[in-house]
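Please open the structure in the viewer and keep the selection tool at hand.

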Amino acid sequence: MTATPETDHIRIFDTTLRDGEQSPGASMTLEEKLQIAEILDDMGVDIIEAGFPIASNGDFEAVGEIAKRSKNSVIAGLARAIHADIDRCGEAVKHAGKGRIHTFVSTSPIHLKFQMNKTEDQVMEIITDTVTRSRNLIDDVEWSAMDATRTPIDYLCRCVEAAIKCGATTINLPDTVGYATPDEYKAMFEDIRERVPNSDQAIFSVHCHDDLGLAVANSLAGVAGGARQIECTINGLGERAGNAALEEIVMAIRTRGDVLQYATQIDPQFMVRASKMVAGASGFAVQYNKAIVGKNAFAHESGIHQDGMLKNAETYEIMRPEDVGVKATSLVMGKHSGRHAFRDKLRELGFELGDKALQDAFRRFKELADRKKHVYDEDIEALVEDEITILGESTKVIALTVIAGTGGPQKAILTMDVNGQHITKEATGDGPVDATFNAIKAIVPHEATLSLYQVHAVTEGTDAQAEVSVRLEAEGRIATGKGADTDTLVASARAYVSAMNKLALRQQTDNPGALQAV
Ligand code: KIV
Ligand code: ZN
């Protein structure tokens with residue numbers, strides 16, 4: 001088929017805020033979701049799946065708020081094949097300029113037998129009923145056949161035909177368990193499109209999980225089979241091994257236009273920022289050698305490579321780092337820089353802060369410049385992201401002194417602001433981090449357990465800022481917090497308190513009557 005603007009446009013459906021957020025521990029606050037949705041919208045994502053509105057009040061609120069603020073993207077919400085889910089989803093997306101209900105049901109024999117305990121005919125009835133109900137609420141309806149790649153093709157054809165007949169405008173055929181190979185996945189789309197009589201009335205969509213590391217390859221194979229929508233996530237965040245990574249798909253299509261004759265409307269300049277934002281909000285750090293957005297994706301260490309790069313970048317580079325928003329590490333102003341220059345720097349880095357946040361960030365920048373020899377863009381980014389988190393929090397770290405070393409026991413003396421009141425407590429622990437966290441617990445008693453503690457250096461050198469991620473779990477809820485400081489223990493305390501605040505907030509939004517304390 002010859003590519004034409006109509007046939008070669010690939011819709012990018014980003015599900016970072018739904019499938020991505022479903023990975024255990026990746027849950028995000030409303031503020032984080034709004035920021036991510038904004039950058040996805042600016043980046044040119046065609047459809048943003050903003051959440052699963054029936055899952056909790058917090059999810060419903062987030063989808064509704066993203067819908068209200070959306071500029072160009074279609075805002076989708078997920079709904080199981082249940083009336084209450086569909087109605088709640090319709091309610092949440094109705095404020096969007098362009099809203100979509102995405103409803104799904106399992107179609108594979110193993111899911112029908114063990115998960116649903118239903119016959120094929122019963123599931124067919126469910127499809128007819130739920131797609132019709134969705135279509136009565138909104139014009140844009142996506143239907144997904146969960147576990148499509150393990151569904152017998154004849155039955156899948158009948159399901160797809162019924163969904164289109166009842167008004168589904170997009171048909172998504174997910175590789176839910178990441179089992180398919182590229183050839184199989186391509187053939188499935190070709191078969192379905194050929195055999196289903198009304199297949200020309202819907203857009204076909206791919207949705208691939210990465211259990212065998214084939215998610216991106218499968219997505220592109222599905223497109224070769226006729227799909228024109230790709231469901232993916234920033235950094236490949238998602239259930240188990242994750243979903244297909246948006247940045248890899250988009251850059252593969254851009255870089256290999258000679259063989260992949262399609263186009264997306266994504267502006268790749270936003271990729272690195274979006275990646276950092278999602279890593280920060282989810283607490284899932286990006287591996288150094290991750291394609292496109294990993295720290296080393298454009299680093300050339302070996303002598304032969306460096307020599308080639310100096311002569312001509314194309315010897316070893318198939319994409320230019322600046323195309324995906326990688327900036328050369330640049331030295332920022334020093335301690336004599338003024339507020340004006342600082343605000344300009346923030347704008348250049350893409351941050352627009354209100355007066356109070358700017359004032360606090362500027363104060364912390366000055367403190368940092370006093371302590372650290374070189375302040376880089378990455379330092380400013382970490383500091384500002386930390387500041388944005390702290391702003392909305394009711395509990396904050398004010399001062400911390402830790403006594404550590406071989407003598408033991410390690411001791412922390414901590415002062416915190418708890419709803420405007422300063423409280424100081426001391427605690428000992430098995431190491432300085434444990435002592436610090438025990439001091440937090442002494443000030444704000446809670447039952448949450450620590451499930452992740454991770455430290456990484458923002459830049460090089462022993463005076464680098466430490467960026468700490470902490471994940472806490474309580475009553476089946478999970479929250480991840482981040483903190484940055486040149487002092488690893490201060491960063492750890494901030495990260496812990498941030499996770500604690502998020503957990504408390506989540507308990508409140510999921511259950512407005514719940515106690516404030518974690
Ligand atoms: O992986 C999957 O099958 C899904 C569906 C809900 C689309 O995420
Ligand atoms: Zn999925």
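Is D140 buried or exposed? In this predicted model, D140 has a relative accessible area of 18% and is therefore buried, as the limit for that class is under 20%.

Next, select R100 together with D140. The two form a salt bridge, with their closest N and O atoms 2.8 Å apart. R100 belongs to strand β4 (residues 99–106), whereas D140 sits in the loop between α7 (120–137) and β5 (141–146), so the pair links distant parts of the chain, 40 residues apart. R100 also counts as buried, at 5% relative accessibility.

Now turn to the zinc ion (ligand 2). Its protein donors are D19 (OD), H207 (NE2) and H209 (NE2), at 2.0 to 2.1 Å. D19 lies in helix α2 (residues 16–20) and H207 in strand β7 (residues 203–208), so this pair ties together parts that are 188 residues apart in sequence. Both are buried: D19 has 3% relative accessibility and H207 has 5%.

Select E247 and K290 for another salt bridge, with the closest N and O atoms 2.8 Å apart. E247 counts as buried at 1% relative accessibility, and K290 counts as buried at 9%.

The last stop is helix α15 (residues 355–371), where D360 and K356 are four residues apart and therefore separated by about one helical turn. Their side chains meet in a salt bridge of 2.6 Å, N to O. D360 counts as buried at 13% relative accessibility, while K356 counts as exposed at 51%.

Key
Residues numbered from 1 in each chain as written. Chains lettered and ligands numbered in written order. Predicted model: local features only at pLDDT ≥ 70, side-chain atom pairs only at ≥ 80, totals over all residues. Heavy atoms only, no water. Donors = N, O, S within 2.8 Å, 3.2 Å for Na, K, Ca; no water. Helix = DSSP H or I, 4+ residues; strand = E, 2+ residues; numbered from the N terminus. Buried < 20%, exposed > 50% of the residue type's maximum accessible area, 1.4 Å probe, protein only. Salt bridge = Lys/Arg side-chain N within 4 Å of Asp/Glu carboxyl O.
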